[in-house]
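Hi everyone, thanks for coming. Let's take a short walk through a structure that may be new to you, so please have a look at the screen.

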Amino acid sequence: MNQTILDLYQEHFGAAAQEIKALPLSGSDRLYYRLSSPFGQALGVENPAQEENLAFVSFTQSFLKLGLPVPKLLAQSLDQNCYLIEDLGPNTLLQSLEEARQNGEGHFPNRFYQYYKKALIALLDLQIEGHQEVDYSLAYPKADFDKQSMQWDCQSFKYWYLLPAKLPFDAEALEQDFDRLVEFLAQAPAHYFMFRDFQARNIIIKDEQPYFIDYQGGRRGPLQYDLVSLLFQAKAQLSNKDRERLLEEYWQALKKRDPKWDRQEFERYYLGFVLLRSLQVLGAYGFKGHYQKKGHFLASIPFALANIRWLLMQDLLPLPELNRLLKGLIRQPQEQLPQPQEQALRLHISSFSYKRGLPEDPTGGHGAGFIFDCRFIHNPGRYTPYKKKTGLDEEVKLFLVEDGEIEQFLAQIFPVIEGAIQKYLDRGHSDLGVHFGCTGGQHRSVYSAERLQQFLQSRFGPELDIRLNHRERPHWPK
């Protein structure tokens, strides 16, 4: 973790963070850390994309000025690609909905209908009022969701999903259909703030109210795109009936604000953006699944195809080649669809003491990998308050973080391990080992192993089966 995040926390709260936890990520390169102490809790964000950081900070300042539901900006260091924001909690709308379904509450309990309704009304505030306030010169990668942006989504579908699906097509006819779709959608009124990735994963429920996160890709665009992004989020699996009810809620709120809107015109563009967003989603799933080897994205493809199946029953534009291909895609047998990796890579992480020898390979030869020597790092075990503590204890973690030496060490080796894991995933290997040794196998090596586990869980998620073992645990002081 970038030391600057710790400095920002200390600067804002007047005390050092005592607990630091890396949060799981999904599709971006942003790293999130939950930092806490008795003085407060916050999220530290580290993002190598400077333009995204500038956009996020500027948009957040504008939205807060308007009283819109976004996290407070606590501190920033944009030259170090870091900022600190209010921690709204872990309850995303999507995760909460999935948990409710698992707990037998039904497919779409009424309280979630109310969450979605509140989110859509707040979205309208963001789109209309936010548009008047934000600085679009900082929007990244561009200020407008224009024809070029829409063509990018079409080409993403063609190259990252359609080609891997191995369905023959007429390239010229398909391009003509893309042009026809884009020309039509470019006529939609587009003088609004467009979130771009408005989905239930980017909505936090706190105190029964929705808050928005991850809008750094926002730009000027049409109303319908964000509405479609939420109602047709593949993994949320909203029913057609619930979509219609929520569309009606949004429409009635819009008409109160702007009576000039025509319902038929609004819904024609709405259906067109359902198609464009579906193409974008399939392209993104294909890219992240096939080329970034993130299998959980491939697992969501059947849900996206279910949206396509519904869409083909509507009154669409005359797009003969694209419609033919979409019908072919939904007719493909399940076994022909792109599949996630059947078995996660087993990653064996351990801490050990050099006094008791090097660690053995638990797989009998298939999991050999890295051994890192932590003995050169400042040892908290030399000091009486920490002798009976371990790298699992908050006091030891705080000592090591404030000292800084071990974080510099981990910052150098984490990219090496991450690169090796990606190669192992690409080649279909089953096991890899990463081991940290120190003098007693109690402080530095334990902390390093735990930090690596947190980092890799955030980077790879379910693609890794992480097995963590502190070999010297039986020898730790009671």
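Let me start with a question: is Ser36 buried or exposed? Before I answer, please keep in mind that this is a predicted model. Ser36 has a relative accessible area of 14%, and the cut-off for buried is under 20%, so Ser36 is buried.

You can find Ser36 in strand β2, which covers residues 31-37. Setting aside neighbours within four places in sequence, Ser36 is in contact with Tyr9, Ala17, Gln18, Glu19 and Gln41. Leu246 is 210 residues away from Ser36 along the chain, and 38 Å separates their C-alpha atoms.

Now, on to a pair of helices. Two packed helices are described by the angle between their axes and the distance between the axes. Our pair is α3, residues 93-102, and α4, residues 110-133; their axes come within 11 Å and cross at roughly 170°. α3 and α4 are therefore roughly antiparallel to each other. The crossing of α3 past α4 is left-handed. Which residues meet there? From α3 we have Leu93, Ser96, Leu97 and Ala100, and from α4 we have Arg111, Phe112, Tyr115 and Tyr116. Sorted by class, that contact has 6 nonpolar, 1 polar and 1 charged residues.

My last stop is Arg277, in helix α9, residues 263-291. Arg277 counts as buried, because its relative accessibility is 8%. Which residues does Arg277 touch, not counting those up to four places away in sequence? They are Arg196, Asp197, Gln199, Tyr225, Val228 and Ser229. With Tyr225, Arg277 makes a polar contact, side chain to side chain, at 3.2 Å.

Definitions and conventions:
Residues are numbered from 1 along each chain as its sequence is written. This is a predicted model: local features need pLDDT of at least 70, side-chain atom pairs count only at pLDDT 80 or more; totals for chains, interfaces and linings use all residues. Side-chain values use heavy atoms; hydrogens and water are left out. Axes are lines fitted to C-alpha atoms, for helices over the stretch in contact, and angles run from 0 to 180 degrees between N-to-C directions. Helices (H or I, at least four residues) and strands (E, at least two) are DSSP runs, numbered from the N terminus. Angles under 35 degrees count as roughly parallel, over 145 as roughly antiparallel, 65 to 115 as roughly perpendicular and the rest as oblique. A crossing is left-handed if the near helix is turned anticlockwise from the far one by less than a right angle, and right-handed if clockwise. Contact means heavy atoms within 4.5 Å. Ala, Val, Leu, Ile, Met, Phe, Trp, Tyr, Cys and Pro count as nonpolar, Asp, Glu, Lys and Arg as charged, and the others, Gly among them, as polar. Buried means under 20% relative accessible area, exposed over 50%, partly exposed in between (1.4 Å probe, protein chains only). A polar contact is a pair of N or O atoms within 3.5 Å; within protein, one must be able to donate a hydrogen and the other to accept it, and residues adjacent in sequence count only if both atoms are side-chain atoms.
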